[in-house]
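This report covers one protein model, residue by residue and helix by helix. Please keep the sequence and the structure at hand while reading.

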Amino acid sequence: MQDESPPSGDSPQAGAPLAQAYGLPISAVERDTGLSKDTLRVWERRYGFPQPMRDTSDERLYPRDQVERLRLIARLLGSGLRPGRLVPLPMGDLKKLAQQKAPASGGKPPGPEQQAILQLLQRHEALELRRTLNQAVIRLGLARFLTEMLAPMNEQLGEAWIRGEIRTFHEHTYTKCVTAVLRGALGTAMPMPGMPRVLLASLPQETHLLGLLMAEAMLVLEGCECASLGAQTPVSEIALATQANRAGIVGLSLSPALPTPELLRDLEDLRRRLPASVQIWVSGQHTALHKRLPEGIVRVPQLQAITALLDPWRSRAAGAEEGLLRGARTRGF
């Protein structure tokens with residue numbers, strides 16, 4: 001326990017800048033770790049960690065060392081470990097456990113391009129990083145960039161963070177650069193006739209968006225028209241937006257930090273609110289995706305699977321086009 005507490009000010013506003021030096025507010029911790037505010041409060045009561053301080057308005061402030069520990073816990077949740085085992089462990093034991101778990105990349109060392117990206121991040125060269133990523137899109141094409149470079153790079157960054165080679169702000173820089181590159185690559189894409197409209201969203205306790213943007217890029221490449229609602233969208237709003245956009249598919253990205261009971265409850269709620277004709281696709285690294293999902297929920301194991309999942313729409317579109325051609329020939333055109 002720390003005896004030191006944030007200095008007080010004449011008002012909450014006066015104390016706020018000083019308070020930031022002592023820790024992060026709960027909303028910032030939620031964005032950084034992907035752990036919801038409710039989860040943080042429950043762990044505080046149940047496990048005695050985290051142990052936030054309080055500012056002059058009695059709001060929680062989380063020391064940065066606790067935030068780093070929470071981030072590592074959130075990563076380990078994705079490997080199937082339970083909060084009751086992870087949350088009480090000190091940082092050293094968590095790092096040892098992370099090294100013991102089989103890494104998502106199969107333990108392969110980063111290749112030359114991945115190593116170059118890591119070095120650019122470590123040197124804080126954001127503009128050069130964007131240039132490197134843009135060149136990779138041009139060289140590989142967007143589909144191969146997503147599956148052969150970006151997906152493995154995301155895994156390597158997670159491992160580099162566990163090894164202490166990069167920090168949280170490095171990951172934020174990377175996410176910002178990747179987002180800009182993907183948005184630029186998607187700027188001129190046009191939907192294809194017959195392909196479904198897709199609504200992309202995150203559940204109320206989900207803060208991560210990079211996986212959703214990568215899925216959007218693949219869907220656009222396949223000719224889909226996409227609309228994105230962003231992070232932390234209430235289930236009722238997702239359902240209303242699905243109707244307003246006349247979407248045939250709702251796509252959700254699920255990070256490991258989402259509490260499983262709440263996740264399954266939200267998925268069941270969303271399924272009940274949508275017509276049976278609207279498909280719900282889910283992807284990500286949450287352990288629930290490897291178990292039995294609620295009826296009517298389609299698991300997308302990897303980006304490449306999107307192509308096969310869209311085959312029924314593609315076949316119907318081809319059939320409709322062939323029917324139009326036959327009709328034209330019959331009328332003598």
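L150 is buried, at a relative accessible area of 1% (buried means under 20% relative accessible area, exposed over 50%, and partly exposed in between, with a 1.4 Å probe and protein chains only). L150 belongs to helix α9, residues 142–162 (helices are DSSP runs of H or I with at least four residues, strands are runs of E with at least two, and both are numbered from the N terminus). Leaving aside residues up to four places away in sequence, L150 touches F145, Y174, V178, L182 and M214 (contact means heavy atoms within 4.5 Å). Between L150 and A136 the C-alpha to C-alpha distance is 9.7 Å, with 14 residues separating them in sequence.

## Basis of the model

The model is predicted: local features need pLDDT of at least 70, side-chain atom pairs count only at pLDDT 80 or more, and totals for chains, interfaces and linings use all residues. Residues are numbered from 1 along each chain as its sequence is written, and side-chain values use heavy atoms, with hydrogens and water left out.

## Overall content

The protein has 15 helices and eight strands. Of its 333 residues, 44% are buried. Among contacts with a separation of 6 or more, 70% join residues 24 or more positions apart.

Two packed helices are described by the angle between their axes and the distance between the axes. Helix α8 (residues 126–140) and α9 have axes that come within 6 Å and cross at roughly 115 degrees (axes are lines fitted to C-alpha atoms, for helices over the stretch in contact, and angles run from 0 to 180 degrees between N-to-C directions). This crossing of α8 and α9 is right-handed (the near helix is turned clockwise from the far one by less than a right angle; anticlockwise gives left-handed). L133, A136, V137 and L140 of α8 make the contact with L142, R144, F145 and M149 of α9. By class, the contact of α8 with α9 holds seven nonpolar residues, no polar ones and one charged (Ala, Val, Leu, Ile, Met, Phe, Trp, Tyr, Cys and Pro count as nonpolar, Asp, Glu, Lys and Arg as charged, and the others, Gly among them, as polar).

Helix α7 (residues 112–122) packs with α8 at an angle of about 155 degrees, the axes being 9 Å apart. The two helices α7 and α8 are therefore roughly antiparallel (angles over 145 degrees count as roughly antiparallel, under 35 as roughly parallel, 65 to 115 as roughly perpendicular and the rest as oblique). Their crossing is left-handed. On the α7 side E113, I117, L120 and L121 take part, and on the α8 side E128, L129, T132, L133 and R139. The contact of α7 with α8 comprises five nonpolar, one polar and three charged residues.

## Packing of α4 with α6

The axes of helix α4 (residues 64–77) and helix α6 (residues 91–100) come within 10 Å and cross at roughly 30 degrees. Helices α4 and α6 are therefore roughly parallel, and α4 passes α6 in a left-handed crossing. E68, R69, L72, I73 and L76 of α4 meet M91, L94, K95, L97 and A98 of α6. The contact of α4 with α6 has seven nonpolar, no polar and three charged residues.

E216 sits in helix α11, residues 210–221. E216 is buried, with a relative accessible area of 9%. Not counting residues up to four places away in sequence, E216 touches R183, L186, L200, C226 and S228.

S36 is in the loop between α2 (26–33) and α3 (37–47). With a relative accessible area of 3%, S36 is buried. S36 touches E30 and Q205, again not counting residues up to four places away in sequence.

## Backbone features in loops

The peptide bond from F49 to P50 is cis, with omega near 0 degrees. P50 lies in the loop between α3 and β2 (53–54).

Q232 is not a glycine but has a positive phi of about 55 degrees. The loop that holds Q232 runs between β5 (225–228) and α12 (235–244), and Q232 is partly exposed at a relative accessible area of 33%. R246, also a residue other than glycine, has a positive phi near 50 degrees. R246 is in the loop between α12 and β6 (249–254) and is exposed, with a relative accessible area of 58%.
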